[in-house]
Structures are given as C-alpha cells and as structure tokens.
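This report describes the architecture of one protein model and the surroundings of its ligand. The sequence and the structure are shown first.

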Amino acid sequence: MQIIEMEADDYDEVMGLLGGASGVVLRAVDSRKATGRFLIANMGLSFIAIEDGILAGCIMGSTDGKRGYLQHLAVHPTFRRQGLGTALVARALEAMAKRGVDKTHVFVMKSNPGAQEFWRRIGWEQREDIVLFSHIASADPNA
Ligand SMILES: CC(C)(COP(=O)(O)OP(=O)(O)OC[C@H]1O[C@@H](n2cnc3c(N)ncnc32)[C@H](O)[C@@H]1OP(=O)(O)O)[C@@H](O)C(=O)NCCC(=O)NCCS
C-alpha cells in the first residue's frame with residue numbers, strides 16, 4: 001500500500017470513492033474547479049492510498065495557518081478495518097506538523113456513528129464545548 005500526495009488529476013477517482021462512501025457528504029463546492037483551488041491553497045496536505053493501481057483511500061487536509069482541518073476521509077470497502085484510515089490520518093497529521101500545525105479538527109455527521117467511533121478509537125477528543133454555526137450566503141442550502 002502506497003500513500004502519496006493527492007493531485008488535481010486524481011479528482012475523478014477520489015470523487016468516485018467519496019461518492020460511494022456513506023457518511024461522506026459531497027456538495028457543489030466539491031466541484032473539480034474548487035477542489036483544484038483547494039489543493040493548490042493547501043499543497044501537501046491531501047493524500048491518496050493506492051494498492052495495485054486501485055484507489056484504496058483518500059483524505060483531504062487544509063490549514064488556515066493556525067489550525068488544521070481534515071475532510072473527505074474514505075477507505076474503499078475492500079480495504080476497511082486494516083488500519084488504512086488510521087494511516088491516512090497519521091500521514092495528514094505528519095504533514096500538518098511540518099507546517100507547525102499542532103491542533104487539527106474534523107467535522108463528523110451526527111448520522112455517521114461508525115466514523116465517530118473511528119475518530120474516538122484513534123484517540124481524537126470529541127468536543128462538548130463547541131457548537132458549530134454556519135453563515136450560508138447562497139440560497140441553495142446544499143451549496
Ligand atoms: C471511517 C473509515 C475511514 C475508517 O477506515 P478504516 O481503514 O476502516 O479504519 P481503521 O482500520 O484504521 O480503523 C481503526 C479503528 O477504528 C474503529 N473503526 C473503524 N471503522 C469503524 C466502524 N465503521 N465502526 C466502528 N468502529 C470503527 C475500529 O476500532 C478500528 O480498529 P479495529 O478494526 O482494530 O477494531 C471507513 O470506514 C470509511 O471510509 N467509512 C465511510 C466514509 C466515512 O464515514 N468517512 C469518515 C468521514 S468523517
């Protein structure tokens with residue numbers, strides 16, 4: 001299994017994996033163009049895992065220069081429960097550390113208990129002191 005940096009050309013395969021992963025929500029903002037911008041602005045923080053030429057997993061990371069944010073973690077069903085999700089997170093955190101980022105967040109859907117259990121099991125702290133508020137400028141609630 002090889003974990004390498006995600007590139008813009010990986011977009012179709014990555015979206016294919018994410019689109020088939022229950023618990024991952026894709027929105028208009030995950031367009032090819034916006035994802036390309038995201039990868040340029042956050043170079044070196046998104047990764048894919050490849051096994052025999054097959055996309056086995058992915059994770060996308062970003063930073064505002066202070067904190068880190070992870071999103072779109074998914075492992076192909078064939079490769080789940082073999083430590084790949086853990087390895088992808090570790091790789092992204094290693095990249096965050098190189099940028100001087102030592103606190104990283106992830107938003108997990110309440111409707112995704114399996115993922116919540118995953119983050120707990122790999123030692124992430126579930127925050128009880130924060131409530132998320134969003135400002136949505138678009139009339140489209142799925143923007
Ligand atoms: C969540 C996900 C990325 C985990 O990937 P993975 O490669 O299976 O994770 P790991 O093998 O590293 O799991 C580490 C530990 O987390 C826990 N865990 C992982 N998936 C779990 C699940 N679905 N339910 C409960 N616990 C889970 C287990 O304790 C596991 O260790 P074990 O297999 O020795 O018991 C994968 O299930 C997935 O792609 N799910 C669909 C997409 C998704 O929900 N993404 C997360 C969005 S925040």
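How many of the 10 residues of strand 3 are buried? Nine is the answer in words: 9 of the 10 are buried, so strand 3 is largely enclosed by the rest of the structure. Here buried means under 20% relative accessible area, exposed means over 50%, and partly exposed lies in between, with a 1.4 Å probe and protein chains only.

## Basis of the report

The model is predicted: local features need pLDDT of at least 70, side-chain atom pairs count only at pLDDT 80 or more, and totals for chains, interfaces and linings use all residues. Residues are numbered from 1 along each chain as its sequence is written, and side-chain values use heavy atoms, leaving out hydrogens and water.

Five strands form an open sheet with the order 1-2-3-4-5 and mixed pairing. Strand 1 (2-5) and strand 5 (104-106) are at the edges, and each has a single partner strand, so one side of each is left without a neighbour in the sheet. On average, neighbouring strands of this sheet are turned by 25° against each other, direction ignored. Strands (E, at least two residues) and helices (H or I, at least four residues) are DSSP runs numbered from the N terminus, and two strands pair if DSSP finds at least two bridges between them.

Helix 3 (residues 84-98) packs on the sheet and touches strand 1, strand 2 (47-51), strand 3, strand 4 and strand 5. The direction of helix 3 makes about 155° with that of strand 4. Such angles run from 0 to 180 degrees between N-to-C directions, with axes fitted to C-alpha atoms and, for helices, over the stretch in contact.

## Strand 3 and its two hairpins

Strand 2 and strand 3 run antiparallel and are joined by 5 bridges. Glu51 stands opposite Ile54 in strand 3. The hairpin of these two strands has 2 residues between the strands, and Asp52 takes a positive phi near 50° there.

Strand 3 (residues 54-63) also pairs with strand 4 (residues 68-75), in the antiparallel sense over 6 bridges. Ser62 has Tyr69 as its bridge partner in strand 4, while Gly57 stands opposite Val75 of that strand. This hairpin has 4 residues between the strands, and Gly65 takes a positive phi near 100°.

## The buried face of helix 1

Which residues of helix 1 (residues 11-19) are buried? They are Tyr11, Val14, Met15, Leu17 and Leu18. Seen down the axis of helix 1, these buried residues fall within an arc of 160°, so they line one face of the helix. The arc is that of the directions from the helix axis to the C-beta atoms. Among the elements covering these residues are helix 2 (32-41), strand 2, strand 3 and strand 4.

## His72

His72 belongs to strand 4 and counts as buried, at 10% relative accessibility. Leaving aside neighbours within four places in sequence, His72 is in contact (heavy atoms within 4.5 Å) with Leu18, Val24, Val25, Leu26, Asp30, Cys58, Ile59 and Met60.

The side chain of His72 makes a polar contact of 2.9 Å with that of Asp30 and one of 3.5 Å with that of Gln71. A polar contact is a pair of N or O atoms within 3.5 Å; within protein, one must be able to donate a hydrogen and the other to accept it, and residues adjacent in sequence count only if both atoms are side-chain atoms. His72 has a positive phi of about 55° although it is not a glycine. Most residues other than glycine have a negative phi.

## The ligand site

The ligand is surrounded by 21 residues, of which the closest are Val75, Arg81, Gly85, Thr86 and Asn112. A residue is counted here if one of its heavy atoms lies within 4 Å of the molecule. A backbone N or O atom of Val75 is 2.8 Å from an oxygen atom of the ligand. A polar side-chain atom of Thr86 lies 2.5 Å from an oxygen atom of the ligand.

Arg81 lies in the loop between strand 4 and helix 3. A backbone N or O atom of Arg81 lies 2.8 Å from an oxygen atom of the ligand. Arg81 is exposed, with a relative accessible area of 87%, and has a positive phi of about 60° although it is not a glycine.
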